[in-house]
There are 2 protein chains.
Amino acid sequence: MNRTAARTLDILNMFAKAGKPLTQNDICQALDMPKSSVHDLVYTLLEKGFLEYDNEQFKTLKLGLHLFEIGMSVIEKRNMVSVARPYLLKLHEAVHETIFIAVEDHADVVYLDCAEERGIMGGYINLGGRRPMYCSGLGKAILAAYNDPQTVKKIIKEGPPMKAHTANTLTTIPKLLKELEITRKRGYAVDNREVEMDTFCVAAPVFDRSNLPIGAVSVASVFTRMPPDRVEECGKEVINTALEISKQLGYQKPTLY
Amino acid sequence: MNRTAARTLDILNMFAKAGKPLTQNDICQALDMPKSSVHDLVYTLLEKGFLEYDNEQFKTLKLGLHLFEIGMSVIEKRNMVSVARPYLLKLHEAVHETIFIAVEDHADVVYLDCAEERGIMGGYINLGGRRPMYCSGLGKAILAAYNDPQTVKKIIKEGPPMKAHTANTLTTIPKLLKELEITRKRGYAVDNREVEMDTFCVAAPVFDRSNLPIGAVSVASVFTRMPPDRVEECGKEVINTALEISKQLGYQKPTLY
DNA sequence: CTTTATAGTTCATAATTGCGAACCGAGTTC
DNA sequence: GAACTCGGTTCGCAATTATGAACTATAAAG
């Protein structure tokens, strides 16, 4: 790896994680780099608009708007999102819950878009944010769609060890595989308070023209609003929506899933 | 400037602009770099998740999802957007047109958020996208708010020369300054087909606690839907919305604007 | 099946970058 | 007001990176 390039990218990552303006010195400490080296890279990042000075505090830095621009261009080109949008809105109309669409990335799901006022979930989820696949409805929908224990194991092992977020979290691969078996039969995945005390989701996978799962759609709600018959209803809706999106993306197989 | 860092960032920019997967060779040509140098940097960008291989075509590269994550984190921290969102939705309810919120960046406005189904504007505008300030309602709202010809000149000169996008575009600084004078008196800015043949916008500036304009809100529509009395109506609404948002951000002065 | 073209990889050495130490400037403390 | 602190800047030599040329892999053409 090229050290200079790696350091440059590490600095960007650091700012993204930090969530607050930082000084050059903060970078030195966190990344264990000499001041003079940080100085040179920060200068370049400033020149290129990837960093800017914060107006509030003297000599503190933050990520430049330019990175927002680049970030948006990433998903504009992944056209699942644009194809899916009208379907997400329709699903939202139908169930009046927050709708998410996400893709797999390493052992996580990454939230790409939502239909609903942001913040109604208590601000837990940000677009661009991540969750481990094993404890997310979206993640389990995708994993179930692979229909292959080996693939599931491989994916999960790419990420950090499974850990309990709540009493309901599945923390071993056998438990997860059994749950995926049920998910496949049921047709939709369920997150029954596996990552937060009160959230409850149902989710279904989206396939592309090569019949591989490329993402998932979810209906996210709170536990108290989801008695069994409501779960069933939302499950049917989310399966339908995911299937319609899949068809738009060239999915052929008349769904045995 | 640090050449390695600059090249690394240039590669990211190139992918963002390109809008399609690229090969290492494409990079060599576009950025005039030797193959071996590109190779090293691409390797690092891949390792760090800033680039990934495209599944469709062998050995072509595209921007990694990780950059979407970073991009979103940029605006999460600029809290005007989160504060503004409910107001944008309310304004949308009131006027049933597409609502945008944008900030200034160099001589451009950058679109940060919208309320309305994406794509209703014919896909002209993407969140994260840019327009020159001089031919955008949002831009003119911000410029008018500075209330200082020197500042306006300085900002406009940061960008490329003013150029006509349509017959209505203002292409000289004196014309622009005169228009800003009218804008100030009227209270809202107008884009009367200055950048596209049929779009018509009204916009008003958003201020922060130091009473400086930090962005603007617009109602974007098409020319045929905007007779004078409708413009007046939307103008009043957008001024109100911008003011409410400004107040939330600590704006004090009871608005002489 | 040989040739040509295209894209990527490797490697030794020239060219650039990294870094310690010294320095600056603006606050704070004693 | 001397001494200390915290953040940033400068500079010359040691350490790392960049690169041309040679090489590999794969696909397309003859």
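Reader: What makes Cys114(B) count as buried or exposed?

Author: Happy to start there, keeping in mind that this is a predicted model. The relative accessible area of Cys114(B) is 9%. The cut-off for buried is under 20%, so Cys114(B) is buried.

Reader: What makes His66(B) buried or exposed, and where is it?

Author: His66(B) sits in helix α4 of chain B, residues 65–76. With a relative accessible area of 18%, it falls under the 20% cut-off and is therefore called buried. Setting aside neighbours within four places in sequence, His66(B) is in contact with Asn13(A) and Arg130(A) from chain A, and with Lys48(B), Gly49(B) and Phe50(B) from chain B.

Reader: Why is the pair Arg130(B) and Glu69(A) called a salt bridge?

Author: Their closest N and O atoms are 2.6 Å apart. The rule asks for a side-chain nitrogen of Lys or Arg within 4 Å of a carboxyl oxygen of Asp or Glu, so this pair qualifies. Between chain A and chain B the count is 4 salt bridges. The rule for polar contacts finds 8 residue pairs across that interface.

Reader: Which elements of chain A supply the side that touches chain B?

Author: Those giving at least two residues each are α1, α3, β2, α4, α5, β3 and β4 of chain A. The largest share, 12 residues, comes from α4(A). By type, the residues on this side of chain A are 24 nonpolar, 12 polar and 18 charged.

Reader: How many residues are in contact, and what area is buried between the chains?

Author: In chain A, 54 residues are in contact with 56 residues of chain B. Together the two chains bury about 4,800 Å², with 64% of it on carbon and sulfur atoms. Leu9(A), Leu65(A) and Phe68(A) supply 15% of the area that chain A buries against chain B, more than any other three residues.

Key
Residues are numbered from 1 along each chain as its sequence is written. Chains are lettered from A and ligands numbered from 1 in the order in which they are written. This is a predicted model: local features need pLDDT of at least 70, side-chain atom pairs count only at pLDDT 80 or more; totals for chains, interfaces and linings use all residues. Side-chain values use heavy atoms; hydrogens and water are left out. Contact means heavy atoms within 4.5 Å. Buried area is the accessible area (1.4 Å probe) that two parts lose on being put together, summed over both. A polar contact is a pair of N or O atoms within 3.5 Å; within protein, one must be able to donate a hydrogen and the other to accept it, and residues adjacent in sequence count only if both atoms are side-chain atoms. Helices (H or I, at least four residues) and strands (E, at least two) are DSSP runs, numbered from the N terminus. Ala, Val, Leu, Ile, Met, Phe, Trp, Tyr, Cys and Pro count as nonpolar, Asp, Glu, Lys and Arg as charged, and the others, Gly among them, as polar. Buried means under 20% relative accessible area, exposed over 50%, partly exposed in between (1.4 Å probe, protein chains only).
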